[in-house]
Amino acid sequence: MSPSTSSAITLHINGEKYTLPVDHRTTLLDALRERLDLTGTKKGCDQGQCGACTVLLDGRRTVSCLQLAVAAEGRAVTTIEGVADGDRLHPVQQAFLDLDGYQCGYCTPGQICSALAVIEEHAAGWPSAATEDVRPEAGPPALTDEEIRERMSGNLCRCGAYMSIVRAVARAAERTAAGAASEEAAA
């Protein structure tokens with residue numbers, strides 16, 4: 001008897017559970033778009049090179065076109081549909097809107113998911129390839145334009161809105177840090 005090539009899996013997406021049968025070769029991207037109708041995540045190159053399909057998996061960014069759906073079972077998946085708080089945009093979304101960090105909008109969901117992770121990675125003190133001093137005693141690097149460009153380099157924009165994307169990420173990082181500081185002061 002040959003083993004089955006499909007099974008039922010449970011995905012935790014944007015705080016909700018979805019149980020669905022999938023072929024073991026189904027990518028997370030295809031499960032999101034084709035099976036669950038969560039079409040905010042875009043299919044760009046389908047080879048992991050453009051970043052249009054970026055989602056957060058347990059808070060870390062991943063290109064969903066290279067992630068098998070079965071490997072995401074039981075993990076927290078956040079798509080662009082789960083970023084806002086009801087009708088209130090997330091600070092990253094608001095910054096993209098305010099500073100024209102999009103043009104046609106096709107890459108924007110992946111850009112925003114990556115920006116969320118970039119801000120978290122930076123706040124945690126993770127260095128990038130652009131970080132000059134990676135010694136722990138040097139502390140976290142400043143979130144310069146160069147740092148943002150390097151950290152966002154896995155996300156391509158065919159329209160060329162890069163300058164606005166960098167400004168939007170910088171503004172969102174400032175507002176996120178200010179919000180965290182006021183929460184600490186209130187506690």
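Reader: Is the crossing of helices α2 and α3 left-handed or right-handed?

Author: The crossing of α2 and α3 is right-handed. A crossing gets that name if the near helix is turned clockwise from the far one by less than a right angle, and is left-handed if anticlockwise. Before we go on, please note that this is a predicted model, in which local features need pLDDT of at least 70 and side-chain atom pairs count only at pLDDT 80 or more, while totals for chains, interfaces and linings use all residues. Residues are numbered from 1 along each chain as its sequence is written, and side-chain values use heavy atoms, leaving out hydrogens and water.

Reader: At what angle do the axes of α2 and α3 cross?

Author: Two packed helices are described by the angle between their axes and the distance between the axes. Here the axes of α2 (residues 91-98) and α3 (residues 108-123) cross at roughly 125 degrees and come within 10 Å. That makes α2 oblique to α3. Angles under 35 degrees count as roughly parallel, over 145 as roughly antiparallel, 65 to 115 as roughly perpendicular, and the rest as oblique. Axes are lines fitted to C-alpha atoms, for helices over the stretch in contact, with angles from 0 to 180 degrees between N-to-C directions. Helices (H or I, at least four residues) and strands (E, at least two) are DSSP runs numbered from the N terminus.

Reader: Which residues of α2 and α3 meet?

Author: From α2 come Val92, Gln93 and Phe96, and they meet Thr108, Gln111, Ile112, Ala115, Leu116 and Ile119 of α3. Six residues of this contact are nonpolar, three are polar and none is charged. Contact means heavy atoms within 4.5 Å. Ala, Val, Leu, Ile, Met, Phe, Trp, Tyr, Cys and Pro count as nonpolar, Asp, Glu, Lys and Arg as charged, and the others, Gly among them, as polar.

Reader: Now the sheet. In what order do the strands stand?

Author: The order is β2-β1-β5-β3-β4, five strands in an open sheet with mixed pairing. At the edges are β2 (16-23) and β4 (60-63), each of which pairs on one side only. On average, neighbouring strands of this sheet are turned by 40 degrees against each other, direction ignored. Strands pair if DSSP finds at least two bridges between them.

Reader: How many bridges join β1 to β2, and how many join β1 to β5?

Author: β1 (residues 6-13) pairs with β2 over eight bridges in the antiparallel sense, and Leu11 has Tyr18 as its bridge partner in β2. Two residues lie between these strands in their hairpin, where Asn14 takes a positive phi near 50 degrees. By contrast, β1 and β5 run parallel and are joined by two bridges; Ile13 has Val77 as its partner in β5. On the β3 side, β3 (residues 54-57) pairs with β5 (residues 76-78) in the antiparallel sense over two bridges, with Leu57 opposite Val77.

Reader: Which strands does α3 lie across?

Author: Helix α3 lies across β3, β4 and β5, and runs at about 40 degrees to β3. His122 also has its place in α3. With a relative accessible area of 15%, His122 is buried. Buried means under 20% relative accessible area, exposed over 50%, and partly exposed in between (1.4 Å probe, protein chains only). Not counting residues up to four places away in sequence, His122 touches Pro140, Pro141, Ala142, Leu143 and Arg151.

Reader: Which residues of α1 are buried, and what covers them?

Author: In α1 (residues 28-35), Leu28, Leu29, Ala31 and Leu32 are buried. Their cover includes β1, β3 and β5. Just after α1, Asp37 takes a positive phi of about 60 degrees.

Reader: Where does Asp46 lie, and what is its phi?

Author: Asp46 lies in the loop between α1 and β3. Its phi is positive, about 60 degrees, although Asp46 is not a glycine. Asp46 is partly exposed, with a relative accessible area of 37%. Asp100, in the loop between α2 and α3, has a positive phi near 55 degrees. Asp100 is partly exposed at 46%.

Reader: What is Pro127 in contact with?

Author: Leaving aside neighbours within four places in sequence, Pro127 is in contact with Val134 and Arg151. Pro127 is found in the loop between α3 and α4 (145-151) and counts as partly exposed at 47% relative accessibility. Pro127 and Gly139 are twelve residues apart in sequence and, C-alpha to C-alpha, 9.6 Å apart in space.
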